[in-house]
Structures are given as structure tokens and as C-alpha cells.
Amino acid sequence: MSIAVYPGSFDPVTLGHFDIIKRAAQIFDHLVIGVLNNSDKKTPLFSLDERVIMLKEAVKDIPNVSVESFDGLLVDFVKSRHSNVIIRGLRALADFDIELQMAQSNRMVAPDVDTLFLSTSLDYAFLSSSIVKEYAKYGVDVKDFVPGNVLPRLKEKLSKMSITTGGN
Ligand code: ADP
């Protein structure tokens, strides 16, 4: 059975991520989405549990996809799931440097684990979780950017933080 792992912060999952998930799930027998806990990035908007729940809701109709959180070394997580393939999405040249560096360093510590890049669909080439959060914060309707289940959670989160403007 071929198993791949798609790691990321998913803060929150976007339709760009979802597109990569659907395509990877068609290539592999099973896809494990790994939601990163120990991110170096600034504090996420959504807690780890919330990010996992949103992903589980979004992929509930894709039978060969599961969602888990992880911390520690990515390659250890990949091996623990009996996989040797990491899936990453590539948007633009800006992603390339850092993605190549990560793929190469992962191969240094785990030569049997490879990274497979899927190029983003043009519809989502501009899309990132940060852009979604920024738009939503200022009341822009982000329904074309995130899975339907994420919308109410995003509104609720931002209204709790009292930083939403304009949106209804
Ligand atoms: P990370 O913080 O690890 O970069 P992200 O949640 O931002 O995690 O992204 C996870 C993966 O999804 C990365 O490989 C990223 O390049 C990819 N990705 C993010 N947005 C898109 C998009 N719009 N289209 C395709 N791939 C994307």
C-alpha cells in the first residue's frame, strides 16, 4: 500500500490545500495529513485541535485521507506512518527556495524519504492561509477561498477576538 504524508500548518485549511489533498489522494492509496504542532511561525490563529477538526470536516468525503497532528521531526512522523513520501504544494518561485531546502535537508537525515511537489492549480496560485486571515479580518467574503465548513469557524474566531470589520 502506498502512503504519503502531507504536512503543514493549515491555519486554516484553504481550497489551495484542499486541491493538493484531492490530487494526492488520487495518486496514493492513503494520504495522511500531518498538522504541525511545533511551528516556528507566529502564534497560529487556530489551536492545533481546531485546525485538525476543520481538516477532518473538510476531507470527510474522501475515504483514503486521514488527519493527525504531530510534533518533532517530520521525517520521524512520516516513517512512523509507514510512509516514505512527503507531499508539498508549490505555488510560485517564492516557495521554491525554502521548499527545496526543506526537501534536501529532510533527505540528509532520512535518505529513504522523498518529497513530491504538486504544482498549485492556477485558480489557487495566489492563495495562502495568511491572505485568507487578512481578508476575513477586514470583512472580505472568503467563501471562494476556504472549504465551506471553515467559514463559520473563521467568523466566530475573528468576532471572538473582536477584530472582524464589515462582514456579516
Ligand atoms: P507550512 O506552514 O508548512 O508552509 P502551510 O499550511 O502554509 O504549511 O502549507 C502546507 C503546504 O501546502 C505547503 O507545501 C504549501 O506550499 C502548500 N500550499 C499552501 N497554499 C497552497 C495553494 N494555494 N496551492 C497549493 N499549495 C499550497
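**Entry 1: the core.** I started with the largest nonpolar core of this predicted model. It has 37 residues, and I21, L31, I33 and I87 have the most contacts inside it. Helix α1 supplies the largest share, with 6 residues.

**Entry 2: a strand pair.** I then turned to β4 (residues 85-90) and β5 (residues 114-119), which pair in the parallel sense over 6 bridges. Between them the chain runs through helix α4 (residues 93-109), and I noted this β-α-β crossover as right-handed. For L90, I found the bridge partner in β5 to be S119.

Entry 3: Is L93 buried or exposed? I have it down as exposed, because its relative accessibility is 74% and the cut-off for exposed is over 50%. L93 forms a nonpolar surface patch with F96 and L100, and together they have about 300 Å² of accessible area.

**Entry 4: salt bridges.** How many salt bridges does a search of the whole structure find? I got 12, and I wrote up three pairs.

- R23 and D19: the closest N and O atoms are 2.8 Å apart. Both residues lie in helix α1, 4 residues apart, about one turn of the helix. I list D19 as buried because its relative accessibility is 11%, under the 20% limit; R23, at 26%, counts as partly exposed.
- R81 and E68: here the closest N and O atoms are 2.6 Å apart. R81 is in the loop between α3 (74-80) and β4, while E68 is in strand β3, so this pair ties together parts that are 13 residues apart in sequence. I noted R81 as partly exposed at 28% relative accessible area, and E68 as partly exposed at 21%.
- E134 and K137: their side chains meet at 3.9 Å, N to O. They are 3 residues apart in helix α5, so about one helical turn separates them. E134 is partly exposed at 39% relative accessibility, and K137 is partly exposed at 25%.

**Entry 5: I131.** While in α5 (residues 129-137), I also checked I131, which has its place in this helix. I131 is partly exposed, with a relative accessible area of 29%.

Terms used:
Residues numbered from 1 in each chain as written. Predicted model: local features only at pLDDT ≥ 70, side-chain atom pairs only at ≥ 80, totals over all residues. Heavy atoms only, no water. Helix = DSSP H or I, 4+ residues; strand = E, 2+ residues; numbered from the N terminus. Buried < 20%, exposed > 50% of the residue type's maximum accessible area, 1.4 Å probe, protein only. Pairing = 2+ DSSP bridges. Right-handed = clockwise from strand over helix to strand, strands pointing away. Patch = residues over 30% accessible without salt bridge, like charges linked within 9 Å, V, L, I, M, F, W, Y side chains within 5 Å. Areas by Shrake-Rupley, 256 points an atom, 1.4 Å probe, with all protein chains shown as cover. Salt bridge = Lys/Arg side-chain N within 4 Å of Asp/Glu carboxyl O. Core = buried A, V, L, I, M, F, W, Y, C linked by side-chain atoms within 4.5 Å.
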